[in-house]
Amino acid sequence: MSLTLTPNIRDPDDFYAELIGGQRDLSEDEALRMNARLLLLLANHIGDRAILSEAIRLARSPAG
């Protein structure tokens, strides 16, 4: 299995709005903490270390 890089979220605009809405009324620090918790929850759900390592490598790349 490899990391899915093609669009794969149903209603991506709605998801983005929900993500941004989840940060509404939070301080910058609280929003960063929320993002970290969300990342850890999703990483746990994925569970595959190879996929997670690939995602980290790609996220560090300037080209993304």
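From the N terminus on, the protein chain runs α-α-α. Its radius of gyration is 13 Å, well over the 11 Å that the globule rule gives for 64 residues, so the chain is more spread out than a compact globule. The model is predicted. It holds three helices and zero strands.

**Overall dimensions and surface**

- Taken along the principal axes, the box filled by the C-alpha atoms of the protein chain is roughly 40 × 25 × 25 Å.
- Of the 64 residues in the protein chain, 11% are buried.
- The protein chain has an accessible surface of about 5900 Å², and carbon and sulfur atoms account for 56% of that surface.
- There are 7 positive and 10 negative side chains in the protein chain. The centres of these two sets are 8 Å apart.

**Helix α1 and the residues beside it**

- Helix α1 covers residues 12-23, which is 12 residues. From its first C-alpha to its last, helix α1 reaches 17 Å, close to the 16 Å expected at 1.5 Å a residue.
- Asp-11 lies in the segment before α1. Its phi is near 55 degrees, a positive value in a residue other than glycine.
- Although Asp-25 is not a glycine, it has a positive phi of about 70 degrees.
- Asp-25 has a relative accessible area of 77%, and exposed means over 50%, so Asp-25 is exposed.

**Helix α3**

- Helix α3 is made of 12 residues, residues 49-60. At 1.5 Å a residue it should span 16 Å, and its end C-alpha atoms are 16 Å apart, which agrees.
- Ile-51, Leu-52 and Leu-58 are the buried residues of α3. They cover an arc of only 125 degrees around the axis, which puts them on the same side of α3.
- The exposed residues on the other side of α3 are Arg-49, Ala-50, Ile-56, Arg-57 and Arg-60.
- Helix α3 thus has a side with buried Ile-51, Leu-52 and Leu-58, and another side where residues including Arg-49 and Arg-60 are exposed.

Note on methods. Residues numbered from 1 in each chain as written. Predicted model: local features only at pLDDT ≥ 70, side-chain atom pairs only at ≥ 80, totals over all residues. Heavy atoms only, no water. Helix = DSSP H or I, 4+ residues; strand = E, 2+ residues; numbered from the N terminus. Rg over C-alpha atoms; globule rule 2.2 N^0.38 Å. Buried < 20%, exposed > 50% of the residue type's maximum accessible area, 1.4 Å probe, protein only. Areas by Shrake-Rupley, 256 points an atom, 1.4 Å probe, with all protein chains shown as cover. Lys, Arg positive; Asp, Glu negative; His and termini not counted. Charge placed at Lys NZ, Arg CZ, Asp CG, Glu CD. Expected span 1.5 Å × (residues − 1). Arc of directions from axis to C-beta.
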